[in-house]
Amino acid sequence: MDERNSNGQGATKLTIWNRTFICVFIAQAFLSLSQGSVNILIARYATEALGVSEVAMGNLVGLYYGVSLAMRPVTGPLQTKLNKRNLLIAVYFTGGIANLGYALFNTAAAFTTFRIIQGIQYAFMGSLTMTIAADSLPQERLASGIAMYGLGGTIMQAIAPNIGIWIRDRGPGLKPGLEGVTYGYQLAFFFAACILAFAVIPLLMLPYKKEKKEETETTGAWYKNIISLHTIPITIVVILINISTSGYRSFLDAFAHQAGIPNIGLFSTVSAIVMVCTRPMSGYIMDHYSMKKILPAGMAMIGLALVVISNSRTLPIVLIGAVFSALGSGFVQPGLNALCVQTETPRRRAVASNTLFGGTDLGLYVGPLVGGAVVARSNYSMAILSGLLPLTMALVCFFAVMPGYTRRQKEIERLMT
């Protein structure tokens, strides 16, 4: 599926921009717009509109990640056996149904039910799109291609939280009292559902590729496609990173409300602008320099962001934290994604991706759950700052697993020759 551009002199130039990659790139951007417009609202929605406690709020924030983790034994084997294009279309459609359910039914029980449905959808979504994107890339451009793959989503993150907050805040002006507060959240959920409907359009334009029988058979028995043992060490680092950053990802709106910081949606705007400007550079750096130097530097930036954000009491200071967060995440997230994909042969990339996103699910479920307990005992600032502990553990684990990763890379090179 590689596409090479000729310069007319017989030479070829590797490119990541082929039809499959472009379609997935656009769909991922729409998905990020949908998710980003409502994810920032969930913590306050749970306490303001549903009236649940802080601990229950943390559980609801992370619930769909927990459901997604529980679904990984099913999603991994299915991705290796079923047509990936058709499966991805169904997954995006399911996400639209979940957001529509949030909008139509304003009870804790209904929200929990549709959160579970969204968790099932999320279990397929990330690993499936990244597998399709990775399969469309030239091997020589894999790291930079995966870094670029998330750029569309990053651009949407510049506007998505602001759109979600703006729509939510229209509610009290349209209806009085608690009814207006709830109505604002419903409008935001309707918006997210509509955007996911648009996201299906580029997926319908994906080239249809019939899964060859011999390719599905080489993946082995179904239970061998649940998890990749080779990917687990890097996935442990992914889990800890996601626990550490889940505080400001999940509780940012609630933290800003508690601290009296206005216009907090600008946090995502600044983060996205920084990542858009640095993502092409980060892809180049990851292709040409050692991950042993790049990822620890990125983790240090995230640690600095945690300190700055948790101690912020004004918008300019929290936006400085956004810059540090974006710089760190711009290297750490695509870098770890690339490392995970590179631990397996091309035919088992779906299994590697499933393992990676299973770790992401676990981190994003445990993080808000623990954070909610911290909030109940202290405040949102302390919940964000407590991310320094798992971040330190992630750095230690990273250096511990890199020798094994290097050995695995050499083994794959021997298998591919």
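In which helix does Phe-190 lie? Phe-190 lies in helix H9, and the first view below shows its surroundings in this predicted model.

**View 1. A nonpolar surface patch that includes Phe-190.** Phe-93, Ile-97, Leu-100, Leu-104, Phe-105 and Phe-190 make up this patch, which covers about 550 Å². Helix H4 is the main contributor, giving four residues. Phe-190 itself counts as partly exposed, because its relative accessibility is 33%.

**View 2. The aromatic pair Tyr-102 and Phe-189.** The whole structure holds 13 aromatic pairs. In the pair shown here, the ring centres are 5.2 Å apart and the planes meet at 55°, so the arrangement is classed as tilted. Together with Tyr-45, Phe-111 and Tyr-185, they form one aromatic cluster.

**View 3. Two contacts of Lys-175.** The charged end of Lys-175 sits over the ring of Tyr-183, at 4.3 Å from the ring centre. Lys-175 also forms a salt bridge with Glu-179, in which the closest N and O atoms are 3.9 Å apart. With a relative accessible area of 29%, Lys-175 is partly exposed.

**View 4. The salt bridge between Arg-44 and Glu-48.** Eight salt bridges are counted in the model. In this one, the closest N and O atoms are 2.8 Å apart. Arg-44 and Glu-48 are separated by about one helical turn, because they are four residues apart in helix H2 (residues 42-49). Arg-44 is buried, with a relative accessible area of 15%, whereas Glu-48 is partly exposed at 29%. Both residues belong to a network of salt bridges that also links Arg-168, Asp-169 and Asp-253.

**View 5. The salt bridge between Glu-344 and Arg-408.** The closest N and O atoms of this pair are 3.3 Å apart. Glu-344 lies in the loop between helix H14 (315-341) and helix H15 (349-377), and Arg-408 lies in helix H17 (residues 388-416), so the bridge ties together parts that are 64 residues apart in sequence. Glu-344 is buried at 6% relative accessibility, and Arg-408 is buried at 9%.

**View 6. Cys-340, a cysteine in no disulfide.** The count of disulfides is zero. The cysteine sulfur nearest to that of Cys-340 belongs to Cys-397 and is 13 Å away. Cys-340 is buried, with a relative accessible area of 0%, whereas Cys-194 is partly exposed at 45% relative accessibility.

Conventions: Residues numbered from 1 in each chain as written. Predicted model: local features only at pLDDT ≥ 70, side-chain atom pairs only at ≥ 80, totals over all residues. Heavy atoms only, no water. Phe/Tyr/Trp six-rings, centres within 6.5 Å; stacked < 30°, edge-to-face > 60°. Lys NZ or Arg CZ within 6 Å of the ring centre and 35° of its normal. Patch = residues over 30% accessible without salt bridge, like charges linked within 9 Å, V, L, I, M, F, W, Y side chains within 5 Å. Areas by Shrake-Rupley, 256 points an atom, 1.4 Å probe, with all protein chains shown as cover. Salt bridge = Lys/Arg side-chain N within 4 Å of Asp/Glu carboxyl O. Helix = DSSP H or I, 4+ residues; strand = E, 2+ residues; numbered from the N terminus. Buried < 20%, exposed > 50% of the residue type's maximum accessible area, 1.4 Å probe, protein only. Disulfide = S-S within 2.5 Å.
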